[in-house]
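Colleague: I am new to reading structures. Please take me through this one, feature by feature.

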Amino acid sequence: MLIVIAIGVIISLAVNYFSDSSLRTTISYSSFKDNVQANNISSITVEGEKITGTFRTPPLSDTSAGVTTLGFTTYLPFYGDDELSNMLEENDVKVFTKPANRTSVLGVILNFLPLLLLVFIFYSFYKGSRNQGNSLFSVGQNKAKLYMKTDESKTFNDVAGVEGAKSELTEIVDYLKSSEKFHKMGAKTPKGVLLVGPPGTGKTLLARAVAGEANVPFYSITGSDFMELFVGVGASRVRNLFRDARKNSPSIIFIDELDSIGRHRGAGLGGGHDEREQTLNQLLSEMDGFEPNESTIVIAATNRPDILDPALLRPGRFDRRVSVDRPTMIDRVQILKIHARNKPFSESVNLQTVAKATPGFSGADLENLLNEAALTAARNKKTVIDQSDINEAHDKILLGLVRKSMVLTEEERKTVAFHEAGHAVLAAYLPNAEPIHKVTVIPRDRAMGVTQQLPEGDKYLYNREYLLDRIAVLLGGRVAEKLHMGTITSGAENDLQQATQLARKMVLDWGMSERLANISLGSEREHVFLGEDIATRRDFSEATAREIDQEIKSILDEAFERATTLLTEKNEAVLKVANGLLEKEELLGEDIDKLLGLEPKNGNKKA
Ligand code: ADP
Ligand code: MG
Ligand code: ZN
């Protein structure tokens with residue numbers, strides 16, 4: 001298109017140029033007038049201010065050049081000339097007139113320029129956006145990536161633990177590969193699998209493993225990819241995605257972070273979100289639209305199944321729900337092994353111990369732990385990663401960076417030491433408290449000091465005694481400050497939050513208080529989520545609310561009382577631990593047992 005336009009412009013310029021210069025000489029206006037007066041001009045043509053004409057006999061100056069030009073061109077001065085018309089008549093000059101015609105070279109360019117510019121801008125915009133792959137002309141197009149199998153493809157071997165999820169997904173792949181067999185039995189193959197679990201537990205990884213193992217076309221897209229500035233785009237992308245996948249069936253569609261489009265409709269602040277609802281509706285109808293013996297399976301992942309629209313979860317859509325949980329101790333060992341594959345470890349490192357020290361860590365957390373350890377080792381110019389690097393990484397992840405610049409006064413250091421000693425002594429003497437892993441008073445990003453306890457194994461059930469002791473340990477820091485420093489400080493903020501939250505859960509969710517025993521009062525949600533109803537329903541009256549507050553307070557008060565009694569009794573022990581901390585800054589569980597002359601609690605035995 002550009003070329004055609006360029007040629008056109010050149011031609012018109014050329015025509016203009018040549019027609020203008022055909023054997024005419026340009027003369028001055030005064031010489032033109034002289035010639036009129038001398039009756040040497042036969043005719044003229046007036047075109048605006050331009051006058052062309054022919055001489056009767058060419059003036060001398062011109063013939064000397066060897067060319068005889070009868071024609072001439074001149075221009076009327078802009079102030080006009082009143083005498084001229086009389087002179088022309090007197091001398092019998094023929095006058096032709098033409099309308100002013102501004103096809104000068106400049107004129108042509110000026111005429112074409114805006115158009116040219118527009119075409120150019122349009123063209124480069126088109127080209128540029130096409131290169132980025134999201135052209136303005138293809139907003140509605142399917143944005144899913146068609147997955148190609150490579151050497152780096154993940155397989156189920158790269159996913160540790162989550163055995164249940166793995167076998168479920170293997171089964172699904174089986175359906176796809178031999179759907180005939182199932183149709184003969186009159187069975188419908190499942191349409192959707194929803195992977196549900198906390199962040200970092202390997203949902204996306206599992207889907208990638210399926211892609212690597214399934215050997216069928218695998219379309220992968222993230223929920224937010226459906227969204228664009230323009231309304232209606234999401235729905236059309238869903239449509240195109242399913243059309244493409246069906247064309248290549250058997251195939252798998254993977255939608256990551258499903259909650260970003262699959263949120264409960266008709267909820268939230270300020271009415272619905274039309275675009276998202278349209279997208280969701282389209283998804284719902286596409287999933288219904290499968291022919292009975294079509295084999296396209298949709299796998300989706302989310303960590304917020306609670307906010308998904310119920311219509312998504314009904315049979316016939318995401319009818320399989322696979323939960324991907326935080327790894328257990330045994331799983332953690334396996335996951336650590338996978339991520340330790342390409343890292344050099346010293347003999348001393350025992351992944352079993354690491355797994356034991358990391359309850360509640362997700363797969364991603366564990367990967368991060370080993371990576372941080374490797375970074376630390378490299379920074380310290382070691383050739384292998386040893387246990388101390390792992391410990392340092394562990395502390396960094398849990399507690400934040402050491403704040404070297406933070407200088408505490410003597411008074412503050414003492415307060416922190418007694419605070420932590422209070423936690424530690426209670427943890428050591430209360431029968432249901434978890435064993436101490438480590439106590440430190442090194443100020444870090446997230447805390448001035450920490451008492452870290454570790455359960456002996458993964459814990460799934462908590463009894464009342466355990467919870468009460470846990471609250472007492474949490475309050476122990478403040479109690480010790482009060483007993484030994486004669487005051488209380490802001491350092492207990494986090495302890496108080498945790499203790500209160502636990503007490504609250506005991507009363508509301510677990511029916512563990514005396515007056516409101518065995519009743520679930522439906523605790524408020526921890527976060528008000530925009531997609532959820534903003535006003536959390538309360539299932540109880542004002543009177544009950546007051547009673548709840550009283551019960552929570554009484555649990556906390558009792559725990560505080562118990563902590564005070566025990567710490568007064570064990571005054572000696574608190575002093576010992578506090579002094580130990582002031583001296584060494586960090587004490588391990590076994591150090592504390594030694595200091596206090598205690599039988600080690602199970603967890604403190606050297607693993
Ligand atoms: P999400 O569940 O949030 O989608 P990902 O699948 O993205 O979590 O996991 C993030 C990373 O954590 C993975 O790339 C992987 O390296 C690691 N990871 C998580 N779970 C596992 C697991 N079960 N086995 C091995 N690695 C895991
Ligand atoms: Mg993910
Ligand atoms: Zn504390």
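Colleague: Which residues come nearest to ligand 1?

Modeller: Some ground rules open the answer. This is a predicted model, where local features need pLDDT of at least 70, side-chain atom pairs count only at pLDDT 80 or more, and totals for chains, interfaces and linings use all residues. Residues are numbered from 1 along each chain as its sequence is written, chains are lettered from A and ligands numbered from 1 in the order in which they are written, and side-chain values use heavy atoms, with hydrogens and water left out. Now the ligand. A residue is near a molecule or strand if one of its heavy atoms lies within 4 Å of it. Around ligand 1 there are 15 residues, and Ala-160, Gly-200, Lys-203, Thr-204 and Glu-367 come nearest.

Colleague: How many residues of that shell are nonpolar, polar and charged?

Modeller: Learn the classes first. Ala, Val, Leu, Ile, Met, Phe, Trp, Tyr, Cys and Pro count as nonpolar; Asp, Glu, Lys and Arg are charged; the others, Gly among them, are polar. The shell around ligand 1 has six nonpolar, six polar and three charged residues.

Colleague: Which domains supply the shell?

Modeller: Domain bounds come from an automatic or database domain assignment. Domain 3 (145-323) and domain 4 (329-398) each give at least three residues to the shell around ligand 1.

Colleague: What lies 3.0 Å from a nitrogen atom of ligand 1?

Modeller: Think of polar contacts: pairs of N or O atoms within 3.5 Å; within protein, one must be able to donate a hydrogen and the other to accept it, and residues adjacent in sequence count only if both atoms are side-chain atoms. Here an N or O atom in the side chain of His-339 lies 3.0 Å from a nitrogen atom of ligand 1. The backbone also takes part. Thr-201 places a backbone N or O atom 3.3 Å from a nitrogen atom of ligand 1. A backbone N or O atom of Ala-364 is 3.4 Å from an oxygen atom of the ligand.

Colleague: How much of ligand 1 does the protein bury?

Modeller: Accessible areas come from the Shrake-Rupley method with a 1.4 Å probe; for residues, only the protein chains shown count as cover. Taken alone, ligand 1 exposes 560 Å², and the protein buries 84% of that.

Colleague: Now the sheets. In what order do the five strands of the open sheet run?

Modeller: Strands of a sheet pair through backbone hydrogen bonds, either parallel or antiparallel. Strands (E, at least two residues) are DSSP runs, numbered from the N terminus. Two strands pair if DSSP finds at least two bridges between them. The five-strand open sheet has the order β1-β4-β3-β2-β5, with mixed pairing. Its edge strands, β1 (24-26) and β5 (94-98), each pair on one side only.

Colleague: Which residue is the bridge partner of Ile-51 in β4?

Modeller: Thr-74. Strands β3 (residues 50-55) and β4 (residues 71-75) run antiparallel, joined by five bridges.

Colleague: What is the strand order in the open sheet of six strands?

Modeller: The order is β6-β8-β9-β10-β7-β11, and the pairing is mixed. The edges are β6 and β11 (320-323). Compare two pairings. β6 (residues 145-147) and β8 (residues 218-222) are antiparallel over three bridges, and Leu-146 stands opposite Tyr-219. β8 and β9 (residues 251-256) run parallel, with five bridges.

How values were computed
Helix = DSSP H or I, 4+ residues; strand = E, 2+ residues; numbered from the N terminus.
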